[in-house]
Amino acid sequence: MTTLGFILCGLLTVAAANDAPPTIFVKDCQISVDQKADVPAQEQGVLTRINVAEGAFVKEGQPLAQIDDSIPQMQLEVARYKLKAAQEEAKSDVNLRYTMATAETARSNYNRSVAANNRTKGSVPDEQLDEQRLKITEAELGNEKAVKDLNVAKAQAEVSDAEVRAADENLRHRKIDSPLDGDVSEIKFKRGEWVKPGDTVICIRQMNRLRVEGEVSMQECSPNEITGRPAVVQVELARGRKVEFPATVVFVNPSVSVGGGYKVRAMVENRQEKGQWLLRDGMPASMTIKLK
């Protein structure tokens with residue numbers, strides 16, 4: 001290459017460097033799990049089933065394990081029978097219709113006696129009229145009681161419905177489901193073992209999207225320049241292999257450290273090779289943030 005060629009090549013290299021978007025290099029970063037759950041037992045009992053294995057990927061809502069629910073199953077069945085009986089009682093107005101008919105008959109009998117006395121004074125003794133008035137009162141009170149009993153039956157049906165829902169919820173608490181998408185990192189109990197409320201049964205870690213955190217100097221870059229910016233995370237794997245992962249800055253800490261820097265957090269998209277995640281919780285990394 002001629003001297004002129006070397007000069008032109010150098011000028012093109014400088015121009016390309018000047019056109020490159022500015023970046024910030026953040027070293028000594030730390031990768032960590034962003035979403036995780038130590039899934040507890042909500043009720044005490046024997047673990048009758050564990051549906052997953054360590055290392056398995058699970059979806060949110062997927063059944064992980066089962067606590068013995070034989071007694072709650074029977075309690076739910078009893079509650080459903082009670083509800084059915086209460087609902088039948090609540091919709092039956094036989095007693096109310098009977099007391100209404102009884103009251104109507106008592107009033108008719110009394111009115112006929114009064115009419116008979118109006119035609120022939122003394123044809124119906126006063127004692128009989130008193131008894132007929134008493135029967136009207138008894139029938140009317142019976143009618144009020146029938147209305148009240150029907151309202152109580154309706155209320156009892158609502159109570160029974162609540163008992164069914166409570167029994168169903170009690171049964172549901174024996175099921176241990178995953179609260180998020182992720183990998184089973186640890187199973188702390190085995191089938192047949194006794195668990196108590198609050199005991200962690202299975203640990204779930206979301207590995208497909210991790211967080212990476214590092215510190216940026218205030219002298220090097222202002223926080224408003226990097227919030228929401230794309231980034232590239234670099235890690236070194238076994239035998240010196242270096243790989244990169246796309247990321248996005250999602251958080252800038254408002255506090256400044258003693259050294260004059262502020263913490264930044266990016267979310268990095270993980271990937272697998274041969275069924276294993278490349279990025280791991282606790283892994284060191286570096287990060288290049290694109291400013292524009």
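Q66 lies in strand β5, which spans residues 63-67; strands here are DSSP runs of E of at least two residues and helices are runs of H or I of at least four, both numbered from the N terminus. The model is predicted, with local features requiring pLDDT of at least 70 and side-chain atom pairs pLDDT 80 or more, while totals for chains, interfaces and linings use all residues. Residues are numbered from 1 along each chain as its sequence is written, and side-chain values use heavy atoms, with hydrogens and water left out.

At 5% relative accessibility, Q66 is buried (buried means under 20% relative accessible area, exposed over 50%, and partly exposed in between, with a 1.4 Å probe and protein chains only). Setting aside residues up to four places away in sequence, Q66 is in contact with V46, L47, T48, R49, R174 and K175, where contact means heavy atoms within 4.5 Å.

Nonpolar side chains tend to be buried together in soluble globular proteins. A nonpolar core is defined as a set of buried Ala, Val, Leu, Ile, Met, Phe, Trp, Tyr and Cys residues joined through side-chain atoms within 4.5 Å. The largest such core has 32 residues, of which I226, V235, M287 and I289 touch the most other members. At least two residues of this core come from each of β1 (23-33), β10 (209-217), β11 (230-236), β12 (242-252), β13 (261-269) and β16 (284-290). Beyond its neighbours within four places in sequence, V235 contacts I31, R241, K242, V243, F245, L279, M283, P284 and A285. Another core, of 17 residues, lies apart from the largest one and includes V39, V58, V195 and I204.

The structure contains 20 salt bridges, each being a side-chain nitrogen of Lys or Arg within 4 Å of a carboxyl oxygen of Asp or Glu. One of them pairs D38 with R205, with the closest N and O atoms 3.0 Å apart. Because D38 belongs to strand β2 (residues 36-40) and R205 to strand β9 (residues 200-205), this pair ties together parts that are 167 residues apart in sequence. D38 is partly exposed at 41% relative accessibility, whereas R205 is buried at 19%.

K82 and E163 form a further salt bridge, their closest N and O atoms being 3.3 Å apart. This pair links distant parts of the chain, as K82 is in helix α2 (residues 70-91) and E163 in helix α4 (residues 126-172), 81 residues apart. Both partners are partly exposed, K82 at 42% relative accessibility and E163 at 31%.

In the salt bridge between E104 and R107, the closest N and O atoms are 3.5 Å apart. These residues are three places apart in helix α3 (residues 94-119) and are therefore separated by about one helical turn. E104 is partly exposed, at 46%, and R107 is partly exposed, at 30%.

The lining of the largest pocket consists of G55, D183, V184, S185, R205, M207, Q272, G275, Q276, W277, R280 and D281. A pocket is an open set of points on a 1 Å grid over the protein atoms alone where a 1.4 Å probe fits, with protein on both sides within 12 Å along at least five of seven lines; lining residues have an atom within 4 Å of a point. The volume of the largest pocket is about 200 Å³, taken as the space filled by probe spheres set on the points, which are joined across faces, edges and corners. Strands β7 (182-187) and β15 (276-277) each supply at least two lining residues, and β7 gives the most, with three. The lining comprises three nonpolar, five polar and four charged residues; Ala, Val, Leu, Ile, Met, Phe, Trp, Tyr, Cys and Pro count as nonpolar, Asp, Glu, Lys and Arg as charged, and the others, Gly among them, as polar.
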